[in-house]
Amino acid sequence: MSPVTVRRYTVANADAMRELGALLGRTCQAGDVMVLTGDLGAGKTTFTQGLGVGLGIEEAITSPTFVIARVHPSTGVGPDLVHVDAYRLGSAVELDELDLVADLSSSVVVVEWGGGLVGGLAESPIDVSIVRSDDDEDETRIVTVTVTGERWDAALVQGDPLT
Ligand SMILES: Nc1ncnc2c1ncn2[C@@H]1O[C@H](COP(=O)(O)OP(=O)(O)OP(=O)(O)O)[C@@H](O)[C@H]1O
Ligand SMILES: [Mg+2]
C-alpha cells in the first residue's frame with residue numbers, strides 16, 4: 001500500500017496560493033487527478049493557475065465555469081492540463097462521460113467542485129481542500145493537501161504534517 005500523506009498550509013495571499021499550486025504541479029504526472037474543494041471564491045482557480053505554471057503550461061488559466069472543461073496543452077514534454085469546473089454538473093454525471101477532447105490518461109485532470117465526480121477516474125485522487133477565514137478582510141486560506149505515494153515527499157516537506 002502506498003503511503004497517504006496529509007499536509008496543511010497557511011496561505012497568506014493569492015500569489016502564495018499560486019506558489020503552492022506550482023509546487024504540486026512540478027510533481028504531478030500524467031494520469032493524476034486532483035479534486036479541489038472549497039467555497040465560492042476560496043481560491044480553487046487561483047491554485048489551478050499555479051498548477052499550470054508548475055506543469056509548464058504557458059497559456060492563461062481562467063475560470064471555466066461556462067464551458068465546464070478546458071484543455072490547456074503543454075508547451076513542453078509534460079502532460080496537458082484538463083481543467084474542469086463541475087459546479088453546474090449534476091452529480092449523476094460522471095467525469096468520464098463528459099466528451100472531453102483529451103486523453104485523460106496522458107493529462108493531469110483538475111476538477112473544481114469535483115468531490116462526487118471523480119470516482120472511477122483515478123484510484124487515488126489528489127485532494128486539495130481550501131478554507132477561507134470567517135473574516136472577509138482576511139486573505140489567509142488554510143489548505144489541506146492529501147496525496148498518495150512517496151514521490152510527493154520532497155515537494156511537501158514544508159507543510160505541517162497532519163499524518
Ligand atoms: N490566499 C488566497 N488564496 C487564493 N486566492 C486569494 C487569496 N487571497 C485572496 N484571494 C483572491 O480570492 C479570489 C479567489 O478566486 P478564485 O476564482 O480562485 O476562487 P474559486 O475557488 O475558483 O471560486 P469559484 O468557486 O467561483 O470557482 C481571487 O480574486 C484571489 O485573488
Ligand atoms: Mg473557480
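Trainee: How do you know which share of the contacts in the protein chain joins residues at least 24 apart in sequence?
Mentor: This is a predicted model, and its contacts can be sorted by separation along the chain. Among those between residues at least 6 apart, 70% join residues at least 24 apart. Two residues are in contact when their C-beta atoms lie within 7 Å.

Trainee: What makes up the protein chain, in helices and strands?
Mentor: The chain has 2 helices and 8 strands. Starting at the N terminus, the order is β-α-β-α-β-β-β-β-β-β.

Trainee: How are the strands arranged in the sheet?
Mentor: The 8 strands form an open sheet with mixed pairing, in the order β3-β4-β5-β2-β6-β7-β1-β8.

Trainee: Why do β3 and β8 stand at the edges?
Mentor: Each has a single partner strand, so one side of β3 (69-72) and one side of β8 are left without a neighbour in the sheet. Ala69 has Val84 as its bridge partner in β4, and Arg70 has His83. As for the helices, α1 packs on the sheet and touches β1 and β7, its direction making about 160° with that of β1. α2 packs on the sheet too, touching β2, β3, β4, β5 and β6, and its direction makes about 170° with that of β5.

Trainee: How do you know that β1 and β8 count as paired?
Mentor: Pairing requires at least two bridges between the strands. β1 and β8 have 2, in the antiparallel sense, so they meet that cut-off. One bridge links Arg8 to its partner Asp160 in β8. β1 also pairs with β7, again antiparallel, over 8 bridges, and there the partner of Val11 is Arg141.

Trainee: Why is β4 called mostly covered?
Mentor: A residue is buried if 20 or more other C-beta atoms lie within 10 Å of its own. In β4, 6 of its 6 residues are buried. Asp80, Val82 and Val84 cover one side, while Leu81, His83 and Asp85 are on the other.

Trainee: Is Leu156 buried, partly exposed or exposed, and why?
Mentor: Leu156 has 18 C-beta neighbours inside 10 Å. Buried needs 20 or more and exposed means 12 or fewer, so Leu156 counts as partly exposed. Leu156 is found in the loop between β7 (141-148) and β8 (160-161). Not counting residues up to four places away in sequence, Leu156 touches Thr5, Arg7, Val145 and Val147. The C-alpha atoms of Leu156 and Leu24 are separated by 8.1 Å, although these residues are 132 apart along the chain.

Trainee: And what is the label for Ser105, and why?
Mentor: Ser105 has 11 C-beta neighbours inside 10 Å. The limit for exposed is 12 or fewer, so Ser105 counts as exposed. Ser105 is in the loop between β4 and β5. Leaving aside neighbours within four places in sequence, Ser105 is in contact with Ala30 and Gly31.

Trainee: Which residues have the most contacts inside the largest nonpolar core?
Mentor: They are Met34, Val110, Val111 and Val128, in a core of 32 residues. Among the elements giving two or more residues to this core are β1 (4-11), α1 (14-25), β2 (33-37) and α2 (44-55). Apart from neighbours within four places in sequence, Met34 is in contact with Val108, Val110, Pro125, Ile126 and Val128.

Note on methods. Residues are numbered from 1 along each chain as its sequence is written. Chains are lettered from A and ligands numbered from 1 in the order in which they are written. This is a predicted model: local features need pLDDT of at least 70, side-chain atom pairs count only at pLDDT 80 or more; totals for chains, interfaces and linings use all residues. Helices (H or I, at least four residues) and strands (E, at least two) are DSSP runs, numbered from the N terminus. A nonpolar core is a set of buried Ala, Val, Leu, Ile, Met, Phe, Trp, Tyr and Cys residues joined through C-beta atoms within 7 Å. Axes are lines fitted to C-alpha atoms, for helices over the stretch in contact, and angles run from 0 to 180 degrees between N-to-C directions.
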